[in-house]
Amino acid sequence: MILIDGKGTAASIRSELKARTAAFEQKTGKKVGLAVVMIGSDPASAIYVRNKIKGCEEAGIASFARFLPAETTQEEAEAAVEALAKDDCVHGILVQLPLPAHLDAQKILGKIPVEKDVDGFSATNLGKLAMKEEGTIACTPLGVMELLRRYHVQTCGKRAVVVGRSNIVGRPMALLLLNADATVTVCHSKTQNLKEECLKADILVAAIGKAKFITADMVKEGAVVIDVGTNRDENGKLCGDVDFEHVKDKVSMITPVPGGVGPMTIAMLLSNTVAAAERTLR
Ligand code: NDP
């Protein structure tokens with residue numbers, strides 16, 4: 001069994017990006033810039049934002065953090081994003097989700113111009129992916145594809161099963177695998193015989209949000225298993241959607257949690273930001 005090292009791969013990507021950010025700076029006299037907007041003080045979000053800012057530093061990207069209080073109004077939030085949209089030093093804008101309940105997240109995200117949508121969450125970017133056109137791809141599924149590529153996992157003609165169909169993970173994941181010529185099945189909460197569907201997978205991607213939900217009897221011998229889930233187990237310990245301890249002996253490759261897909265998500269955010277900056281030079 002090969003343990004897929006997302007943490008190490010993400011570190012390699014950050015150092016590869018350094019050369020590109022330095023070249024951009026030399027050409028333009030400006031750093032590549034990423035703005036992170038956080039509203040309120042959700043503790044998990046605060047950790048994610050801190051990690052994103054740290055990743056920026058390591059890749060030579062300038063970060064612009066906008067921490068707004070939980071009482072921020074819809075107008076104020078939209079105005080903050082609009083100001084960043086106009087700022088030439090900002091090549092990518094990220095609004096950390098979830099937002100406080102009184103805010104309309106879609107409207108706020110809608111203020112991010114498509115060329116600065118480095119999360120790839122906009123309908124335009126998801127549509128481009130569906131049409132197999134060039135655009136910005138959501139970071140988590142893009143990170144999964146990068147792991148598959150770097151670990152030489154063949155997708156062409158393989159059976160891929162994605163469990164989860166959210167707009168930010170499952171759906172773009174399925175499209176990416178389809179675009180990479182896999183035969184793709186998408187499963188969700190209404191799927192019947194989930195175990196039988198999963199057992200067909202050469203590549204199984206779990207993006208459900210339920211601790212240790214994918215058990216060994218659901219996984220084909222020799223499959224490649226990618227665990228996107230970020231959950232807490234009964235002891236409060238970070239764990240994935242896959243029952244790693246029991247599944248690991250059956251598979252050919254597997255991602256751990258933590259240290260698998262999570263670090264790749266941030267690396268792809270940085271990569272999308274550098275690509276957005278480079279596109280301004282075309
Ligand atoms: P969502 O809650 O938006 O989507 C979960 C999906 O799982 C839904 O499509 C849902 O189906 C499906 N699902 C729920 N229960 C079942 C079930 N019993 N059987 C089959 N399918 C089921 O979550 P996200 O896509 O945003 O995130 C998924 C997981 O990935 C979470 O643990 C999240 O924390 C993690 N995550 C990790 C990231 C990382 O960087 N590592 C980044 C983003 C997310 P239905 O559509 O029918 O409701």
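This is a predicted model: local features need pLDDT of at least 70, side-chain atom pairs count only at pLDDT 80 or more; totals for chains, interfaces and linings use all residues.
Trainee: What makes the overall size agree with a compact globule?

Mentor: Set the value against the rule. With 282 residues, a compact globule would have a radius of gyration near 19 Å. The chain has 19 Å, so the two agree. Along its principal axes, the C-alpha trace spans about 50 × 40 × 35 Å.

Trainee: How much of the chain is buried?

Mentor: Buried residues make up 48% of the 282 residues. The chain exposes about 13500 Å², and carbon and sulfur atoms supply 53% of that area.

Trainee: Why is Thr273 called buried?

Mentor: Buried means under 20% relative accessible area. Thr273 has 0%, so Thr273 is buried. Thr273 lies in helix α10 (residues 261-279). Leaving out residues up to four places away in sequence, Thr273 touches Val32, Gly33, Leu34, Ile61, His91, Gly92 and Val118.

Trainee: Why is Ala23 called partly exposed?

Mentor: The label covers values between the 20% and 50% cut-offs. Ala23 has 38% relative accessibility, so Ala23 counts as partly exposed. The residue to look for is in helix α1 (residues 6-28).

Trainee: And why is Lys132 called exposed?

Mentor: Exposed means over 50%. Lys132 has 57%, so Lys132 counts as exposed. Lys132 sits in the loop between α5 and α6. Its phi is near 60°, a positive value in a residue other than glycine.

Trainee: Which label does Asp181 get, and why?

Mentor: Asp181 has a relative accessible area of 47%, so Asp181 is partly exposed. Asp181 lies in the loop between α7 and β6. The phi of Asp181 is also positive, near 70°.

Trainee: What makes helix α7 mostly covered?

Mentor: Count its residues. Of the 10 residues in α7 (residues 170-179), 7 are buried. They are Gly170, Pro172, Met173, Ala174, Leu175, Leu176 and Leu177. These buried residues pack against α5 (123-130), α6 (139-150), β5, β6 and β7.

Trainee: Now the sheet. What is the order of its strands?

Mentor: The order is β1-β11-β8-β7-β5-β6. These 6 strands form an open sheet, and the pairing is parallel.

Trainee: What makes β1 and β6 edge strands?

Mentor: Each pairs on one side only. Strand β1 covers residues 2-3, and β6 covers 183-187.

Trainee: How do you know that β5 and β7 pair?

Mentor: Two strands pair if there are at least two bridges between them. Strands β5 (residues 159-163) and β7 have 4 bridges, in the parallel sense. One spot to look at is Val161, which stands opposite Leu204 in β7.

Trainee: How many bridges do the other pairs have?

Mentor: Strand β7 is joined to β8 (residues 224-227) by 4 bridges. Strands β5 and β6 have 5. Strand β8 is joined to β11 (residues 253-254) by 2, and at least two is what the rule asks for. In β11, Ile254 is the bridge partner of Val225.

Trainee: Which residues of β7 point which way?

Mentor: In β7 (residues 203-206), Ile203 and Val205 point one way. Leu204 and Ala206 point the other way. All four residues are buried.

Trainee: What makes both faces of β8 count as covered?

Mentor: Check each side. Val224 and Ile226 are buried on one side, and Val225 and Asp227 are buried on the other.

Trainee: Which peptide bonds are cis, and how do you know?

Mentor: Look at omega. The bond from Leu97 to Pro98 is cis, with omega near 0°. The bond from Val257 to Pro258 is cis too, again with omega near 0°. Pro98 lies in the loop between β4 (92-95) and α4 (105-109). Pro258 lies in the loop between β11 and α10.

Trainee: Last one. How many side chains of each charge does the chain have?

Mentor: The chain has 35 positive and 34 negative side chains. The centres of the two sets lie 3 Å apart.

Note on methods
Residues are numbered from 1 along each chain as its sequence is written. Side-chain values use heavy atoms; hydrogens and water are left out. Buried means under 20% relative accessible area, exposed over 50%, partly exposed in between (1.4 Å probe, protein chains only). The radius of gyration is taken over C-alpha atoms; the globule rule is 2.2 Å times the number of residues to the power 0.38. Accessible areas come from the Shrake-Rupley method with a 1.4 Å probe; for residues, only the protein chains shown count as cover. Lys and Arg count as positive and Asp and Glu as negative; His and the chain ends are not counted. The place of a charge is taken as NZ of Lys, CZ of Arg, CG of Asp or CD of Glu. Contact means heavy atoms within 4.5 Å.
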